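Dear colleague,

Please find the structure below, handed over for your study.

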Amino acid sequence: MSTEREPLLDHTQNVTEENEDNDPISLAGLKIVLVGKTGAGKSATGNTILGRNAFMSGKSHESVTTECREEHFQYEHKTLSVIDTPGVCDTKFSVERVENGLSRMMSHSGTYIFLLVLNLRTGFNVEEKNAVNWIFEQLGESAFKHTIILYTNLDYLEGDFLEELVYKRDDMAKIINLCEKRFHGFDNKQPASDRQVAELMTKIKVMLQDNRRNGMKCYTESSYREAQKDIASRRKTQNDKGIALRVSLGIGLIIAVAGYVVRVLSAWPSLIATSLNVGGVAMALGAGLGITARYIQHQREKEKNPYRTYKDFF
């Protein structure tokens with residue numbers, strides 16, 4: 001698309017009529033953050049919302065976006081922004097780089113909502129689950145209340161209804177329920193279609209209105225800081241457990257060796273004493289080996305999946 005679309009005006013639904021205090025929902029300054037796994041179609045989705053090719057996008061499963069980038073657009077005579085983010089689970093980028101980029105982006109003041117971009121063609125596989133777990137651990141569990149799932153490649157439906165497809169699988173249904181049953185679909189091959197964007201903006205307004213009615217605060221930079229404090233606390237707990245495991249392993253081995261030495265040096269071992277020593281050695285060795293096995297398994301899982309989280313949502 002060579003020219004920018006005219007500013008959108010929403011004529012699809014008057015959500016202010018349902019507001020109990022009759023105070024209209026304003027989208028002025030709202031930041032719409034696109035999050036998801038590499039290759040989900042975040043950049044193309046951003047371009048569709050903007051009505052212009054502002055973000056570089058591609059058809060490959062490798063991330064084209066390398067840094068968080070913000071672009072502005074007009075809706076109902078208000079200025080909003082779309083923020084594109086690097087894809088999660090891209091082997092080209094370290095977890096630390098993606099995490100630092102997200103942290104810099106979320107340090108700016110403002111009201112944020114999130115579009116979790118999922119590709120209908122790839123489904124909701126293990127890698128997608130790892131990505132979503134990591135994203136919402138970073139943002140905090142409260143971010144689900146400020147998120148709409150956006151499915152790309154809507155042309156994949158081939159006449160089927162989006163609602164029917166996403167509820168056929170339990171894993172998809174669970175993530176939808178976490179997001180209060182809010183989802184939408186885009187066909188980014190038809191970026192000139194204003195209707196799909198207008199319907200999304202209406203759903204965003206309804207979400208903001210519902211959250212306000214339920215007494216829920218907007219998601220801001222302070223919400224992100226709280227989520228990071230929670231991660232730091234979980235990380236400290238995990239590190240403390242690792243230290244405890246190593247200490248227990250050392251104590252177990254010391255007991256085992258001591259028991260063996262006592263058994264050997266016993267000048268006049270009785271049958272009972274020998275049995276007790278052998279049993280003590282076996283128990284200590286077993287405990288030590290069990291602790292070692294669990295610690296090694298945890299480390300291997302962490303190395304295999306660098307996006308491993310302290311809490312899994314599904």
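Why is helix H1 (residues 42-50) largely enclosed by the rest of the structure? Eight of the nine residues of H1 are buried, so the helix is largely enclosed. Buried means under 20% relative accessible area, exposed means over 50%, and partly exposed lies in between, with a 1.4 Å probe and protein chains only. Helices (H or I, at least four residues) and strands (E, at least two) are DSSP runs, numbered from the N terminus.

Two notes on the source are needed here. This is a predicted model, in which local features need pLDDT of at least 70 and side-chain atom pairs count only at pLDDT 80 or more, while totals for chains, interfaces and linings use all residues. Residues are numbered from 1 along each chain as its sequence is written, and side-chain values use heavy atoms, with hydrogens and water left out.

The buried residues of H1 are Lys42, Ser43, Thr45, Gly46, Asn47, Thr48, Ile49 and Leu50. They pack against strands S1 (31-35), S2 (69-75), S3 (78-84), S4 (112-119) and S5 (147-152), and against helix H6 (194-213). Contact here means heavy atoms within 4.5 Å. After H1 comes Gly51, with a positive phi near 80°.

How do H2 and H3 lie relative to each other? Their packing angle is about 40°, and their axes are 11 Å apart; axes are lines fitted to C-alpha atoms, for helices over the stretch in contact, and angles run from 0 to 180 degrees between N-to-C directions. H2 and H3 are therefore oblique to each other, as angles under 35 degrees count as roughly parallel, over 145 as roughly antiparallel, 65 to 115 as roughly perpendicular and the rest as oblique. At this contact, Val95, Val98, Glu99 and Leu102 in H2 meet Trp134, Gln138 and Leu139 in H3.

Lys129 is also in H3, and is partly exposed, with a relative accessible area of 25%. Lys129 and Asp171 are 42 residues apart in sequence and 8.9 Å apart in space, C-alpha to C-alpha.

Yours sincerely
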